[in-house]
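Thanks for coming. I will walk through one structure this morning, from the overall picture down to a single residue.

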Amino acid sequence: MKGDTVSTAGQLVGTVLAVQANFYRVQLDEEQAGEQGSRGAEEQRSREENSSPTASSLESPVPSPQSLLCTRRTRLKKIGQQVMVGDRVIVEEPDWSGGRGAIADVLPRQSELDRPAIANVNQILLVFAVADPPLEPVQLSRFLIKTESTGVDVLLCLNKCDLITEEEQQEISDRLFSWGYKSIFISVQNNINIPQVDEYLNNKITVIAGPSGVGKSSLINMLIPDANLRVGEVSGKLARGRHTTRHVELFELPSGGLLADTPGFNQPDLNCSPEELIYYFPEARKRLEIGSCRFSDCLHRDEPDCVVGNDWERYEHYLEFLDDAIAYQTFLKQQTDPESTLKLMSKGKGQNQYEPKLESKKYRRVSRRVQVQNLQDFYTDSED
Ligand SMILES: Nc1nc2c(ncn2[C@@H]2O[C@H](COP(=O)(O)OP(=O)(O)OP(=O)(O)O)[C@@H](O)[C@H]2O)c(=O)[nH]1
Ligand SMILES: [Zn+2]
(Lines give C-alpha, C1' and ligand atoms only; values in the text may rest on other atoms or scores of the structure.)
(Ligands and ions follow the chains in the order given, each with its own letter.)
Protein backbone atom coordinates (compact mmCIF):
# COMPACT_ATOMS: atom_id res chain seq x y z
CA MET A 1 0.00 0.00 0.00
CA LYS A 2 2.88 2.25 -0.78
CA GLY A 3 3.92 3.98 -3.94
CA ASP A 4 1.27 6.64 -4.25
CA THR A 5 1.87 8.95 -7.14
CA VAL A 6 0.77 12.02 -5.22
CA SER A 7 3.22 13.63 -2.85
CA THR A 8 2.01 13.24 0.68
CA ALA A 9 5.19 14.35 2.40
CA GLY A 10 4.55 15.58 5.90
CA GLN A 11 0.91 14.59 5.79
CA LEU A 12 -0.95 11.93 7.71
CA VAL A 13 -1.96 9.21 5.30
CA GLY A 14 -4.10 6.20 6.04
CA THR A 15 -6.47 3.60 4.62
CA VAL A 16 -10.22 3.55 5.20
CA LEU A 17 -11.13 0.24 6.82
CA ALA A 18 -14.83 0.79 7.36
CA VAL A 19 -17.53 3.31 6.61
CA GLN A 20 -20.65 3.74 8.63
CA ALA A 21 -23.07 6.63 8.51
CA ASN A 22 -20.81 9.67 8.29
CA PHE A 23 -17.82 8.12 10.00
CA TYR A 24 -14.77 6.48 8.54
CA ARG A 25 -12.36 4.29 10.43
CA VAL A 26 -8.92 5.11 9.08
CA GLN A 27 -5.86 2.99 9.74
CA LEU A 28 -2.86 5.29 9.62
CA ASP A 29 0.29 4.16 7.87
CA GLU A 30 2.52 2.55 10.41
CA GLU A 31 5.55 4.79 10.47
CA GLN A 32 3.38 7.88 10.98
CA ALA A 33 1.29 6.32 13.66
CA GLY A 34 4.53 5.32 15.34
CA GLU A 35 5.95 8.81 15.27
CA GLN A 36 2.91 10.90 15.94
CA GLY A 37 0.50 8.59 17.57
CA SER A 38 2.47 6.98 20.36
CA ARG A 39 1.53 9.62 22.87
CA GLY A 40 -2.04 9.42 21.65
CA ALA A 41 -2.02 5.66 22.02
CA GLU A 42 -1.28 6.00 25.70
CA GLU A 43 -4.04 8.54 26.12
CA GLN A 44 -6.43 6.48 24.06
CA ARG A 45 -5.78 3.42 26.16
CA SER A 46 -6.43 5.19 29.43
CA ARG A 47 -9.48 6.85 27.93
CA GLU A 48 -10.93 3.52 26.92
CA GLU A 49 -10.21 2.04 30.30
CA ASN A 50 -11.97 4.87 32.09
CA SER A 51 -14.91 5.71 29.90
CA SER A 52 -18.04 3.74 29.29
CA PRO A 53 -18.28 2.22 25.79
CA THR A 54 -20.34 4.83 24.03
CA ALA A 55 -18.18 4.52 20.95
CA SER A 56 -19.70 3.51 17.66
CA SER A 57 -19.37 -0.08 16.51
CA LEU A 58 -16.97 1.23 13.90
CA GLU A 59 -14.28 1.56 16.46
CA SER A 60 -11.82 -1.26 16.51
CA PRO A 61 -12.77 -3.82 19.14
CA VAL A 62 -9.15 -4.06 20.19
CA PRO A 63 -8.03 -0.47 20.79
CA SER A 64 -5.58 0.25 18.03
CA PRO A 65 -3.27 3.22 18.45
CA GLN A 66 -3.00 3.81 14.74
CA SER A 67 -6.64 4.05 13.79
CA LEU A 68 -8.73 7.18 13.96
CA LEU A 69 -12.46 7.65 13.62
CA CYS A 70 -12.81 10.37 11.01
CA THR A 71 -15.39 12.63 9.47
CA ARG A 72 -15.25 13.91 5.91
CA ARG A 73 -14.34 17.55 5.34
CA THR A 74 -17.13 19.76 4.07
CA ARG A 75 -15.05 20.61 1.02
CA LEU A 76 -15.12 16.94 -0.04
CA LYS A 77 -18.87 16.82 0.40
CA LYS A 78 -19.23 19.95 -1.73
CA ILE A 79 -17.29 18.48 -4.63
CA GLY A 80 -19.16 15.21 -4.28
CA GLN A 81 -16.01 13.31 -3.42
CA GLN A 82 -17.07 9.95 -2.04
CA VAL A 83 -14.89 8.09 0.41
CA MET A 84 -14.86 4.31 0.00
CA VAL A 85 -13.52 1.46 2.04
CA GLY A 86 -9.98 0.88 0.78
CA ASP A 87 -9.42 4.53 -0.08
CA ARG A 88 -6.07 6.07 0.74
CA VAL A 89 -6.83 9.33 2.50
CA ILE A 90 -5.12 12.34 4.00
CA VAL A 91 -6.12 12.96 7.57
CA GLU A 92 -6.00 16.37 9.21
CA GLU A 93 -6.37 17.63 12.73
CA PRO A 94 -5.79 14.35 14.50
CA ASP A 95 -7.10 14.37 18.02
CA TRP A 96 -4.88 11.64 19.40
CA SER A 97 -6.45 11.52 22.81
CA GLY A 98 -9.96 11.36 21.38
CA GLY A 99 -8.98 9.01 18.55
CA ARG A 100 -10.64 11.31 15.99
CA GLY A 101 -9.67 13.10 12.81
CA ALA A 102 -10.96 14.55 9.57
CA ILE A 103 -10.46 13.27 6.03
CA ALA A 104 -9.16 16.17 3.95
CA ASP A 105 -8.43 14.39 0.70
CA VAL A 106 -8.72 11.10 -1.16
CA LEU A 107 -5.72 9.88 -3.14
CA PRO A 108 -6.31 8.60 -6.68
CA ARG A 109 -7.73 5.08 -6.75
CA GLN A 110 -5.82 2.27 -8.42
CA SER A 111 -8.99 0.22 -8.85
CA GLU A 112 -12.59 0.26 -7.76
CA LEU A 113 -14.85 -2.71 -7.22
CA ASP A 114 -18.56 -2.24 -7.37
CA ARG A 115 -19.84 -5.05 -5.21
CA PRO A 116 -18.39 -5.19 -2.70
CA ALA A 117 -17.67 -1.47 -2.96
CA ILE A 118 -13.95 -1.34 -2.19
CA ALA A 119 -11.21 0.82 -3.66
CA ASN A 120 -7.63 -0.19 -4.36
CA VAL A 121 -8.20 -3.93 -4.22
CA ASN A 122 -4.99 -5.67 -5.34
CA GLN A 123 -6.35 -9.17 -5.73
CA ILE A 124 -9.34 -11.43 -5.39
CA LEU A 125 -8.73 -14.58 -3.41
CA LEU A 126 -10.99 -17.11 -5.03
CA VAL A 127 -11.61 -20.11 -2.81
CA PHE A 128 -13.05 -23.36 -4.13
CA ALA A 129 -13.09 -26.83 -2.60
CA VAL A 130 -11.73 -29.86 -4.47
CA ALA A 131 -14.45 -31.97 -2.84
CA ASP A 132 -17.39 -31.56 -0.49
CA PRO A 133 -18.85 -29.63 -2.29
CA PRO A 134 -17.43 -31.09 -5.52
CA LEU A 135 -15.48 -28.84 -7.84
CA GLU A 136 -17.92 -27.75 -10.55
CA PRO A 137 -15.99 -26.61 -13.63
CA VAL A 138 -18.71 -24.31 -14.98
CA GLN A 139 -19.19 -22.68 -11.62
CA LEU A 140 -15.44 -22.17 -11.24
CA SER A 141 -15.33 -20.74 -14.74
CA ARG A 142 -18.10 -18.33 -13.91
CA PHE A 143 -16.26 -17.02 -10.85
CA LEU A 144 -13.04 -16.74 -12.83
CA ILE A 145 -14.75 -14.78 -15.62
CA LYS A 146 -16.36 -12.50 -13.08
CA THR A 147 -12.99 -11.92 -11.46
CA GLU A 148 -11.31 -11.29 -14.82
CA SER A 149 -13.95 -8.71 -15.64
CA THR A 150 -12.87 -6.61 -12.65
CA GLY A 151 -9.34 -6.29 -13.99
CA VAL A 152 -8.01 -7.28 -10.56
CA ASP A 153 -5.55 -10.17 -10.15
CA VAL A 154 -6.88 -13.52 -9.01
CA LEU A 155 -5.33 -15.85 -6.48
CA LEU A 156 -6.94 -19.26 -6.83
CA CYS A 157 -6.94 -21.49 -3.75
CA LEU A 158 -8.34 -25.00 -3.80
CA ASN A 159 -9.26 -26.01 -0.30
CA LYS A 160 -9.91 -29.39 1.31
CA CYS A 161 -6.97 -30.96 -0.53
CA ASP A 162 -6.90 -33.44 2.36
CA LEU A 163 -9.89 -35.12 0.72
CA ILE A 164 -8.13 -36.13 -2.53
CA THR A 165 -4.90 -37.86 -3.55
CA GLU A 166 -1.79 -36.16 -4.88
CA GLU A 167 -2.48 -37.63 -8.32
CA GLU A 168 -5.93 -36.11 -8.32
CA GLN A 169 -4.46 -32.77 -7.29
CA GLN A 170 -2.00 -32.95 -10.16
CA GLU A 171 -4.81 -33.64 -12.60
CA ILE A 172 -6.79 -30.63 -11.41
CA SER A 173 -3.70 -28.48 -11.40
CA ASP A 174 -2.84 -29.41 -15.01
CA ARG A 175 -6.38 -28.79 -16.09
CA LEU A 176 -6.51 -25.35 -14.53
CA PHE A 177 -3.12 -24.54 -15.95
CA SER A 178 -4.55 -25.20 -19.42
CA TRP A 179 -7.23 -22.66 -18.55
CA GLY A 180 -4.46 -20.18 -17.82
CA TYR A 181 -4.39 -20.37 -14.02
CA LYS A 182 -1.98 -21.47 -11.36
CA SER A 183 -3.69 -22.89 -8.33
CA ILE A 184 -2.64 -23.40 -4.73
CA PHE A 185 -3.89 -26.49 -2.96
CA ILE A 186 -4.65 -25.83 0.66
CA SER A 187 -6.26 -27.53 3.57
CA VAL A 188 -7.46 -25.30 6.34
CA GLN A 189 -8.23 -28.38 8.37
CA ASN A 190 -4.73 -29.83 8.11
CA ASN A 191 -2.93 -26.49 7.90
CA ILE A 192 -1.49 -27.19 4.46
CA ASN A 193 -0.06 -24.18 2.57
CA ILE A 194 -1.82 -21.66 4.79
CA PRO A 195 1.42 -19.75 5.52
CA GLN A 196 1.92 -19.48 1.76
CA VAL A 197 -1.52 -17.91 1.35
CA ASP A 198 -0.73 -15.56 4.22
CA GLU A 199 2.40 -14.50 2.39
CA TYR A 200 0.46 -13.75 -0.80
CA LEU A 201 -1.83 -11.47 1.19
CA ASN A 202 1.03 -9.55 2.73
CA ASN A 203 0.73 -5.78 2.29
CA LYS A 204 -2.12 -6.10 -0.16
CA ILE A 205 -5.83 -5.44 -0.14
CA THR A 206 -7.53 -8.74 -0.88
CA VAL A 207 -11.17 -9.62 -1.32
CA ILE A 208 -12.13 -13.21 -0.60
CA ALA A 209 -14.83 -14.81 -2.75
CA GLY A 210 -16.14 -18.24 -3.59
CA PRO A 211 -19.20 -20.42 -3.29
CA SER A 212 -20.78 -21.55 -0.07
CA GLY A 213 -19.26 -24.31 2.00
CA VAL A 214 -15.77 -24.28 0.51
CA GLY A 215 -14.13 -23.13 3.72
CA LYS A 216 -13.84 -19.36 3.42
CA SER A 217 -14.79 -18.70 7.05
CA SER A 218 -12.46 -21.43 8.19
CA LEU A 219 -9.66 -19.82 6.21
CA ILE A 220 -10.39 -16.34 7.54
CA ASN A 221 -10.44 -17.61 11.09
CA MET A 222 -7.11 -19.25 10.51
CA LEU A 223 -5.54 -16.15 8.95
CA ILE A 224 -7.02 -13.75 11.51
CA PRO A 225 -7.06 -15.62 14.80
CA ASP A 226 -9.02 -12.89 16.57
CA ALA A 227 -11.74 -12.87 13.91
CA ASN A 228 -13.90 -15.04 16.12
CA LEU A 229 -13.24 -12.74 19.00
CA ARG A 230 -14.42 -9.81 16.93
CA VAL A 231 -17.50 -11.73 15.95
CA GLY A 232 -18.30 -12.32 19.59
CA GLU A 233 -17.43 -8.87 20.80
CA VAL A 234 -18.73 -6.54 18.20
CA SER A 235 -21.51 -7.13 15.76
CA GLY A 236 -20.48 -10.36 14.11
CA LYS A 237 -18.98 -8.59 11.19
CA LEU A 238 -16.94 -11.59 10.23
CA ALA A 239 -19.65 -14.10 10.99
CA ARG A 240 -20.74 -15.50 7.68
CA GLY A 241 -24.43 -15.52 7.13
CA ARG A 242 -24.65 -12.06 8.60
CA HIS A 243 -23.88 -10.63 5.24
CA THR A 244 -27.40 -9.66 4.47
CA THR A 245 -26.38 -6.02 4.58
CA ARG A 246 -24.07 -4.16 2.31
CA HIS A 247 -21.67 -3.52 5.12
CA VAL A 248 -18.11 -3.79 3.87
CA GLU A 249 -15.09 -3.85 6.09
CA LEU A 250 -11.40 -4.50 5.71
CA PHE A 251 -9.80 -6.65 8.38
CA GLU A 252 -6.18 -6.39 9.34
CA LEU A 253 -4.11 -9.51 8.89
CA PRO A 254 -1.60 -10.02 11.70
CA SER A 255 1.23 -10.28 9.18
CA GLY A 256 0.19 -7.09 7.37
CA GLY A 257 -2.36 -6.67 4.63
CA LEU A 258 -6.09 -6.20 4.59
CA LEU A 259 -8.81 -8.71 3.86
CA ALA A 260 -12.45 -8.18 2.98
CA ASP A 261 -15.05 -10.87 3.13
CA THR A 262 -17.89 -11.17 0.62
CA PRO A 263 -21.22 -12.89 1.09
CA GLY A 264 -21.34 -16.50 0.04
CA PHE A 265 -22.88 -16.82 -3.38
CA ASN A 266 -23.10 -19.55 -5.94
CA GLN A 267 -23.66 -18.02 -9.32
CA PRO A 268 -22.28 -14.55 -9.91
CA ASP A 269 -24.01 -12.59 -12.66
CA LEU A 270 -22.00 -12.24 -15.82
CA ASN A 271 -23.25 -8.90 -16.98
CA CYS A 272 -20.57 -8.17 -19.54
CA SER A 273 -21.05 -7.52 -23.23
CA PRO A 274 -20.89 -10.45 -25.69
CA GLU A 275 -17.85 -8.86 -27.39
CA GLU A 276 -15.76 -8.55 -24.28
CA LEU A 277 -16.54 -12.00 -22.87
CA ILE A 278 -13.84 -13.81 -24.84
CA TYR A 279 -11.13 -11.61 -23.30
CA TYR A 280 -11.96 -12.99 -19.87
CA PHE A 281 -10.77 -16.45 -20.93
CA PRO A 282 -6.96 -16.28 -20.69
CA GLU A 283 -6.48 -19.30 -22.96
CA ALA A 284 -8.56 -17.67 -25.72
CA ARG A 285 -7.19 -14.21 -25.09
CA LYS A 286 -3.74 -15.59 -25.81
CA ARG A 287 -4.85 -16.61 -29.28
CA LEU A 288 -6.33 -13.19 -29.95
CA GLU A 289 -3.10 -11.57 -28.87
CA ILE A 290 -1.14 -13.30 -31.62
CA GLY A 291 -3.75 -13.36 -34.37
CA SER A 292 -7.07 -11.89 -35.39
CA CYS A 293 -10.32 -13.25 -36.69
CA ARG A 294 -11.43 -12.52 -40.24
CA PHE A 295 -14.47 -10.60 -39.02
CA SER A 296 -13.91 -7.76 -36.60
CA ASP A 297 -17.25 -8.53 -34.94
CA CYS A 298 -16.49 -12.26 -34.69
CA LEU A 299 -18.20 -13.86 -31.69
CA HIS A 300 -16.06 -16.99 -32.16
CA ARG A 301 -18.91 -19.37 -32.84
CA ASP A 302 -17.46 -21.24 -35.81
CA GLU A 303 -17.22 -18.17 -38.03
CA PRO A 304 -14.76 -18.67 -40.92
CA ASP A 305 -11.11 -17.91 -40.08
CA CYS A 306 -11.75 -17.46 -36.40
CA VAL A 307 -8.45 -17.58 -34.50
CA VAL A 308 -10.11 -18.57 -31.26
CA GLY A 309 -11.49 -21.84 -32.61
CA ASN A 310 -13.28 -24.48 -30.60
CA ASP A 311 -10.48 -26.84 -29.62
CA TRP A 312 -10.14 -25.72 -26.03
CA GLU A 313 -11.73 -27.22 -22.95
CA ARG A 314 -13.73 -24.22 -21.84
CA TYR A 315 -15.22 -23.53 -25.25
CA GLU A 316 -18.50 -25.00 -24.01
CA HIS A 317 -18.44 -22.63 -21.05
CA TYR A 318 -17.78 -19.77 -23.42
CA LEU A 319 -20.85 -20.64 -25.50
CA GLU A 320 -22.99 -20.93 -22.40
CA PHE A 321 -21.86 -17.60 -20.98
CA LEU A 322 -22.14 -15.99 -24.41
CA ASP A 323 -25.83 -16.89 -24.46
CA ASP A 324 -26.19 -15.21 -21.07
CA ALA A 325 -24.32 -12.15 -22.25
CA ILE A 326 -26.47 -11.85 -25.38
CA ALA A 327 -29.63 -12.25 -23.34
CA TYR A 328 -28.38 -9.60 -20.94
CA GLN A 329 -27.57 -7.22 -23.77
CA THR A 330 -31.00 -7.72 -25.31
CA PHE A 331 -32.53 -7.07 -21.96
CA LEU A 332 -30.53 -3.87 -21.54
CA LYS A 333 -31.59 -2.64 -24.95
CA GLN A 334 -35.22 -3.02 -23.96
CA GLN A 335 -34.75 -0.82 -20.97
CA THR A 336 -34.49 2.93 -20.98
CA ASP A 337 -33.49 3.53 -17.40
CA PRO A 338 -30.22 1.76 -16.62
CA GLU A 339 -30.79 2.11 -12.89
CA SER A 340 -34.00 0.17 -12.88
CA THR A 341 -32.56 -2.33 -15.33
CA LEU A 342 -29.98 -3.53 -12.94
CA LYS A 343 -32.46 -3.94 -10.16
CA LEU A 344 -34.90 -5.77 -12.39
CA MET A 345 -32.14 -7.97 -13.64
CA SER A 346 -31.23 -9.42 -10.33
CA LYS A 347 -34.84 -9.99 -9.38
CA GLY A 348 -35.73 -11.43 -12.76
CA LYS A 349 -33.07 -14.06 -12.38
CA GLY A 350 -34.46 -14.95 -9.02
CA GLN A 351 -31.16 -14.28 -7.36
CA ASN A 352 -30.35 -12.88 -4.00
CA GLN A 353 -30.12 -9.15 -4.46
CA TYR A 354 -27.17 -8.90 -2.07
CA GLU A 355 -24.94 -11.05 -4.23
CA PRO A 356 -21.61 -9.36 -4.78
CA LYS A 357 -20.96 -8.55 -8.37
CA LEU A 358 -17.25 -7.99 -7.97
CA GLU A 359 -17.61 -5.66 -10.83
CA SER A 360 -15.44 -2.78 -11.68
CA LYS A 361 -17.76 -0.11 -12.93
CA LYS A 362 -15.86 2.01 -15.34
CA TYR A 363 -12.60 0.37 -16.11
CA ARG A 364 -13.31 -2.79 -18.00
CA ARG A 365 -10.87 -3.61 -20.74
CA VAL A 366 -8.60 -0.69 -20.06
CA SER A 367 -5.09 -1.14 -18.86
CA ARG A 368 -4.34 -0.28 -15.29
CA ARG A 369 -2.20 2.64 -16.39
CA VAL A 370 -5.08 4.08 -18.35
CA GLN A 371 -7.39 3.40 -15.43
CA VAL A 372 -5.19 5.41 -13.12
CA GLN A 373 -4.85 8.17 -15.69
CA ASN A 374 -8.60 8.35 -16.18
CA LEU A 375 -9.10 8.56 -12.47
CA GLN A 376 -6.51 11.25 -12.13
CA ASP A 377 -8.21 13.25 -14.86
CA PHE A 378 -11.48 12.70 -13.11
CA TYR A 379 -10.12 13.99 -9.85
CA THR A 380 -8.47 16.97 -11.49
CA ASP A 381 -11.80 17.80 -13.08
CA SER A 382 -13.61 17.52 -9.79
CA GLU A 383 -11.14 19.75 -8.02
CA ASP A 384 -11.50 22.54 -10.57
N1 LIG B 1 -12.07 -31.76 4.91
C2 LIG B 1 -11.97 -30.45 5.07
N3 LIG B 1 -13.05 -29.74 5.48
C4 LIG B 1 -12.91 -28.41 5.62
C5 LIG B 1 -11.69 -27.74 5.34
N6 LIG B 1 -11.87 -26.42 5.53
C7 LIG B 1 -13.14 -26.26 5.93
N8 LIG B 1 -13.79 -27.45 6.00
C9 LIG B 1 -15.19 -27.70 6.40
O10 LIG B 1 -16.05 -27.23 5.38
C11 LIG B 1 -17.28 -26.76 5.93
C12 LIG B 1 -17.62 -25.39 5.40
O13 LIG B 1 -16.65 -24.47 5.86
P14 LIG B 1 -16.94 -22.91 5.99
O15 LIG B 1 -15.66 -22.29 6.45
O16 LIG B 1 -18.15 -22.68 6.81
O17 LIG B 1 -17.27 -22.56 4.48
P18 LIG B 1 -17.64 -21.13 3.85
O19 LIG B 1 -16.98 -21.05 2.52
O20 LIG B 1 -17.33 -20.06 4.80
O21 LIG B 1 -19.19 -21.26 3.63
P22 LIG B 1 -20.31 -20.06 3.58
O23 LIG B 1 -20.31 -19.42 4.92
O24 LIG B 1 -21.58 -20.80 3.29
O25 LIG B 1 -19.90 -19.15 2.48
C26 LIG B 1 -17.08 -26.79 7.45
O27 LIG B 1 -17.72 -27.95 7.94
C28 LIG B 1 -15.58 -26.90 7.62
O29 LIG B 1 -15.22 -27.57 8.80
C30 LIG B 1 -10.57 -28.54 4.91
O31 LIG B 1 -9.47 -28.04 4.64
N32 LIG B 1 -10.78 -29.87 4.78
ZN1 LIG C 1 -13.30 -15.40 -33.79
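**Overview of the chain**

Among contacts in the protein chain between residues at least 6 apart in sequence, 73% join residues at least 24 apart; a contact means C-beta atoms, placed from the backbone, within 7 Å. This is a predicted model, where local features need pLDDT of at least 70, side-chain atom pairs count only at pLDDT 80 or more, and totals for chains, interfaces and linings use all residues. Residues are numbered from 1 along each chain as its sequence is written, while chains are lettered from A and ligands numbered from 1 in the order in which they are written.

The protein chain has 12 helices and 13 strands, taken as DSSP runs numbered from the N terminus, with helices (H or I) of at least four residues and strands (E) of at least two.

Now the barrel. It is closed, has 5 strands in the order β1-β2-β3-β5-β4, and its pairing is mixed; to pair, two strands need at least two DSSP bridges. Strands β4 (residues 88–95) and β5 (residues 100–106) are antiparallel partners over 5 bridges. Val-89 has Val-106 in β5 as its bridge partner.

Last, Ala-260, which sits in strand β13 (residues 258–261). Is Ala-260 buried or exposed? Ala-260 is buried because 24 other C-beta atoms lie within 10 Å; the cut-off for buried is 20 or more, exposed is 12 or fewer, and partly exposed is in between. Leaving aside neighbours within four places in sequence, Ala-260 has contacts including Pro-116, Val-207 and Leu-250. Leu-250 is 10 residues away along the chain, with 4.7 Å between the two C-alpha atoms.

Note on methods
Two residues are in contact if their C-beta atoms, placed from the backbone, lie within 7 Å.
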